[in-house]
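The following exercises are to be worked with the sequence and the model at hand. Each task is followed by a solution in steps.

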Amino acid sequence: MAVSLKDFISFSLFLIAFSLFTAVHKHYSLEQWKEFASQNPDCLKHLAASSGTGSSDFEQLEQILEAIPQVKYICLDVANGYSEHFVEFVKDVRKRFPEHTIMAGNVVTGEMVEELILSGADIIKVGIGPGSVCTTRKKTGVGYPQLSAVMECADAAHGLKGHIISDGGCSCPGDVAKAFGAGADFVMLGGMLAGHSESGGELIERDGKKYKLFYGMSSETAMKKYAGGVAEYRASEGKTVEMPFKGDVEHTIRDILGGIRSTCTYVGAAKLKELSRRTTFICVTQQVNPVFSDVS
C-alpha cells in the first residue's frame with residue numbers, strides 16, 4: 001500500500017538495517033525520489049524503482065534512474081503478466097537499461113517465467129490472487145495456489161539462471177519459511193508489514209483500540225487516490241481493511257527472521273539457499289492445534 005515519504009524513509013531505514021529489500025511503488029514523484037536520495041544515499045542500493053507499462057510510467061522510470069544512478073534495480077509491476085504488451089515492455093526496458101537488475105511480474109506458471117527471463121528479466125514476481133487484501137480470485141475466478149506456483153516457477157527460473165519472488169500469501173513466519181523451502185529466492189510481504197508505526201495508513205482509535213487502514217493497490221481506495229476512481233471497464237480487485245495496530249515493525253521483523261533461522265535448524269539447512277533441498281511438503285487438512293487459538 002502507499003506510504004508517505006516521511007514514513008517510507010523511516011520504514012526503509014529500518015528494513016535496510018536488517019538487509020531487507022524494498023520495491024518502491026510508482027506513485028512517488030521525481031522530486032520525492034531526489035529528496036529521499038539526498039537524505040539517504042546509503043539506502044539506494046537496497047531499493048528498486050517500480051513502474052507500470054504505460055508510456056508515462058516508462059518516462060518517469062527513465063527520469064528517476066537518470067537522476068539517481070545509484071538505483072540499480074527496476075520492478076516492472078502489473079497484476080497480469082500474461083500479455084504480449086508486457087513481454088515487449090520488458091524487452092524495451094532491458095534495451096534501455098542493460099546493466100540494471102529487472103524484476104517483472106506477476107505470473108504463476110513456468111512457461112511465462114521462461115518467456116519473461118528470455119525477454120530480459122532477471123527476477124520474476126510470482127503470485128496471482130494470494131494477497132491478504134487481494135480480491136482477484138473472488139472478482140475474476142482467476143488464481144493459482146501460491147505454494148504450487150512457487151515450486152513450478154522456481155524450477156523454470158533456476159533452469160535459466162533466473163530467480164523468483166514469492167509475492168503474497170504469507171500470514172506468519174512459517175509461511176515465509178515455506179516459500180523459501182519451495183524454491184523462492186525472495187519473499188515479498190504486504191500484510192505482515194502493514195499496521196505498524198512505520199507503515200503507511202491512517203491511524204484510527206475506537207473503543208480504546210487502535211487500528212490502521214490497509215488497502216491493496218488495486219482497491220477502490222487506491223484507485224480513487226491515484227487514478228481518480230475505478231475505471232468504468234473494470235472492477236476493484238482489492239479491499240480496504242482496518243488492521244489492529246501492531247506497534248514497531250522491528251518486533252515483527254525479528255519474529256520472521258527468528259522463525260526462518262529455526263526452520264533452517266529443524267531441517268538441517270546451513271544457509272537459506274539450502275532450504276529447498278532440505279524440505280518435503282505434505283498435504284494436510286490441519287497444521288496447528290486450535291485448542292487455544294482464541295486466546296491472545
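A residue is called buried under 20% relative accessible area, exposed over 50%, and partly exposed in between (1.4 Å probe, protein chains only). The model is predicted, so local features need pLDDT of at least 70 and side-chain atom pairs count only at pLDDT 80 or more, while totals for chains, interfaces and linings use all residues. Residues are numbered from 1 along each chain as its sequence is written, and side-chain values use heavy atoms, with hydrogens and water left out.

**Exercise 1. Describe the sheet and identify the strands at its edges.**

Step 1. Strands (E, at least two residues) and helices (H or I, at least four) are DSSP runs, numbered from the N terminus. Two strands pair if DSSP finds at least two bridges between them.

Step 2. The seven strands form an open sheet in the order S1-S2-S3-S4-S5-S6-S7, with parallel pairing. Strand S1 (22-24) and strand S7 (186-188) are at the edges; each has a single partner strand, so one side of each lacks a neighbour in the sheet.

Step 3. From one strand to the next, the twist averages 25°; axes are lines fitted to C-alpha atoms, for helices over the stretch in contact, and angles run from 0 to 180 degrees between N-to-C directions.

Step 4. Ile74 stands opposite Ile102 in S4.

**Exercise 2. Determine how many salt bridges there are, and characterise three of them.**

Step 1. The criterion is a side-chain nitrogen of Lys or Arg within 4 Å of a carboxyl oxygen of Asp or Glu. The count by this rule is eleven salt bridges.

Step 2. Glu62 is bridged to Arg96, with the closest N and O atoms 2.8 Å apart. This pair links distant parts of the chain, 34 residues apart: Glu62 is in helix H3 (residues 55-67) and Arg96 in helix H4 (residues 84-96). Arg96 counts as partly exposed because its relative accessibility is 32%.

Step 3. Between Asp77 and Lys125, the closest N and O atoms are 2.9 Å apart. Here too distant parts of the chain are linked, with Asp77 in strand S3 (residues 73-77) and Lys125 in strand S5, 48 residues apart. Asp77, at 39%, is partly exposed, whereas Lys125, at 2%, is buried.

Step 4. Arg254 and Glu250 form a salt bridge whose closest N and O atoms are 2.8 Å apart. Both residues belong to helix H10 (residues 249-267) and are four residues apart, about one turn of the helix. Each is partly exposed: Arg254 has 47% relative accessibility, and Glu250 has 29%.

Step 5. Through shared partners, salt bridges join Glu62, Glu66 and Arg96 into one network.

**Exercise 3. Locate the residues listed under "active site" and state their surroundings.**

Step 1. The unreviewed UniProt entry lists Cys134 and Thr136 for this feature. UniProt positions are given in the numbering used here, feature names are shortened, and annotations may be inferred rather than shown by experiment.

Step 2. Cys134 is in the loop between strand S5 (123-126) and helix H6 (136-140), while Thr136 lies in helix H6.

Step 3. Is each residue buried or partly exposed? Cys134 is partly exposed, because its relative accessibility is 24%; Thr136, at 11%, is buried.

Step 4. Contact means heavy atoms within 4.5 Å. Not counting residues up to four places away in sequence, Cys134 touches Gly129, Glu237 and Gly238. With neighbours within four places likewise left aside, Thr136 is in contact with Ile128, Gly129, Gly141, Val142 and Glu237.
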